Amino acid sequence: MAGTIIDEGASVSILSSTTWKALGSPSLLPEMRNLTGFDKGTSRPLGILPNVPITFRRKTVQMNVMVVQGPLDYNLLLGRDYIYCMEAIVSSLFRVMCFPHEGRVVRLVDQLSFPSSHMANSHIPSLNGLFTQGMSHQFPVRPPDERE
């Protein structure tokens, strides 16, 4: 979905009411909690859209998404709840996201952050424009050692 951002500082994933309406206004579950923004302002969500399938790089997770009223700078904000569902590791400093999928680790790099580096010229998929298709360098997923 165009206009999607990943924000590891957000505790929940949020869908704009405009996007929710464009999806046909599916039924929402009631939500009693208020959201508190970075500026300490609060807002009341319209409700929760349950079991939304979100596919990213051929990996699909289902999760609940809060729908909020008002004009937003994005259609969908994926927060820490999404990062946990994806079992991802995100580095804001290095603008990299890694997650396991089909026995491998997918690594995505925001090439806009490294325009003159070797990373921008590599074949590592980009985070730009919510991500290109294809898999990154493959690393086998190793089960944890019992001693760890």
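**Reading strands and a salt bridge**

Biologist: Which strands form the hairpin that has Arg 57 in its turn?

Modeller: Strand 5 and strand 6 form this hairpin, with 2 residues between them. Arg 57 in the turn has a positive phi of about 55°. Strands here are DSSP runs of E with at least two residues, numbered from the N terminus. This is a predicted model, in which local features need pLDDT of at least 70 and side-chain atom pairs count only at pLDDT 80 or more, while totals for chains, interfaces and linings use all residues. Residues are numbered from 1 along each chain as its sequence is written, and side-chain values use heavy atoms, with hydrogens and water left out.

Biologist: In which sense do strand 5 and strand 6 pair, and over how many bridges?

Modeller: Strands of a sheet pair through backbone hydrogen bonds, either parallel or antiparallel. Strand 5 and strand 6 (residues 59-68) are antiparallel, with 8 bridges; two strands count as paired if DSSP finds at least two bridges between them. Within this pair, Ile 54 faces Val 61 of strand 6 as its opposite residue.

Biologist: What lies between strand 9 and strand 10?

Modeller: These strands also form a hairpin, with 2 residues between them, and Glu 102 in the turn has a positive phi of about 50°. Strand 9 (residues 96-101) and strand 10 (residues 104-109) are joined in the antiparallel sense by 6 bridges. Phe 99 stands opposite Val 106 of strand 10.

Biologist: In what order do the 5 strands of the open sheet follow one another?

Modeller: The order is 1-7-2-6-5, and the pairing is mixed. Strand 1 (4-6) and strand 5 (47-56) each have a single partner strand and stand at the edges, so one side of each lacks a neighbour in the sheet. Strand 1 runs parallel to strand 7 (residues 76-78), to which 3 bridges join it. Ile 6 has Leu 78 of strand 7 opposite to it.

Biologist: How many salt bridges are counted, and which residue pairs with Arg 33?

Modeller: Side chains of opposite charge can pair when their charged atoms come close. The rule asks for a side-chain nitrogen of Lys or Arg within 4 Å of a carboxyl oxygen of Asp or Glu, and the count comes to 1 salt bridge. Arg 33 forms a salt bridge with Glu 31, and their closest N and O atoms are 2.8 Å apart.

Biologist: Is Glu 31 buried or exposed?

Modeller: Glu 31 is buried, because its relative accessible area is 11%. Buried means under 20%, exposed over 50%, and partly exposed in between (1.4 Å probe, protein chains only). Arg 33, at 48% relative accessibility, therefore counts as partly exposed.

Methods. Helices (H or I, at least four residues) and strands (E, at least two) are DSSP runs, numbered from the N terminus.
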